[in-house]
Amino acid sequence: SWPEETGAAWDMEIASQVLVNAMADMLKAAPKAADGLLIQLGDFLHWDGLVQVTPTSGHHLTGDDRYSKLVELSISVMTEAVQLMLKRFGKVVVVQAEGNHDLASSVWMRKFIKHRFEDEPRVEVIDNEFPYYAYKHGEIMLGFHHGHKMKMAQLQKLFASEPRFRKIWGSCRHAYIHCGHLHHERVLDDAGATIEQHPTLAARDNYASSHGYVSQRGAKVITYDKLDGEVHRVTVRPRND
């Protein structure tokens, strides 16, 4: 991202530093807990292969250097993120959600983390071939989806009716469903669920800026009690200093 065009600089070096700093800030703000969830809501990689276009719509994207460097950096920073989580929590649950920008790359990222930490019993990777993900935390259901397959206002219906999740939904006092995709912060309470759309830490690319898309950047630290649901949250803003 060229600041003359988009308003802010963004490349792989900046992205790496922003993510590492955000992880440090989030872990510093997070209360001590037995379980920690590392939720990557999709589009971790901006493009999905040797050609810098979106895999479904074919939109041309600007990217920083070679795809192999992007792969190497992604592996490095996600490994570091899990290792940082392990220092803070007794168990670490990882979701690497499929996004519309990284349909294929999200698969190898998920499989990489699963195999990288296969000898670490404190790491659990939710290894779905289905682009919806759920985790039962006491009597709280946590659901995740990037947002490219279904709009946020419909997600509670999916998680309530999908056979793979119906048992969890029925046994929980409340459900929290998280998505990304559009980057604007929104919260919706409907049909026994709280659905939240999250921002991104990344700066805008030329496609977003030229279309006038504006949103505040950030990442969330949310703490859920096993009975009472959300009890604490902190918003972290990007920094690369």
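The model is predicted: local features need pLDDT of at least 70, side-chain atom pairs count only at pLDDT 80 or more, and totals for chains, interfaces and linings use all residues. Residues are numbered from 1 along each chain as its sequence is written, and side-chain values use heavy atoms, leaving out hydrogens and water. Helices (H or I, at least four residues) and strands (E, at least two) are DSSP runs, numbered from the N terminus.

**Helix H2**
- H2 spans residues 12-29, 18 residues in total. From first C-alpha to last it reaches 26 Å, close to the 26 Å expected at 1.5 Å a residue (1.5 Å times one less than the number of residues).
- Its buried residues (under 20% relative accessible area, 1.4 Å probe, protein chains only) include Met12, Ile14, Val18, Leu19, Met23, Met26 and Leu27. Ser16 and Asn21 are also among them.
- Their cover includes strands E1 (35-40), E9 (219-225) and E10 (229-236), plus helix H3 (67-88).
- At the start of H2, a side-chain oxygen of Asp11 comes within 3.2 Å of the backbone nitrogen of Glu13.

**H3 against H4**
- The axes of H3 and H4 (residues 105-116) come within 11 Å and cross at roughly 45 degrees (lines fitted to C-alpha atoms over the stretch in contact; angles run from 0 to 180 degrees between N-to-C directions).
- Contact (heavy atoms within 4.5 Å) involves H3 residues including Tyr67, Val71 and Met78, and H4 residues including Trp108, Phe112 and Arg116.

**Glu196**
- Glu196 sits in strand E8 (residues 193-197).
- Glu196 counts as buried because its relative accessibility is 6%.
- Beyond four places in sequence, Glu196 touches residues including His178, Arg186, Lys220 and Arg233.

Notes
Buried < 20%, exposed > 50% of the residue type's maximum accessible area, 1.4 Å probe, protein only. Polar contact = N/O pair within 3.5 Å; in protein donor to acceptor, adjacent residues only side chain to side chain.
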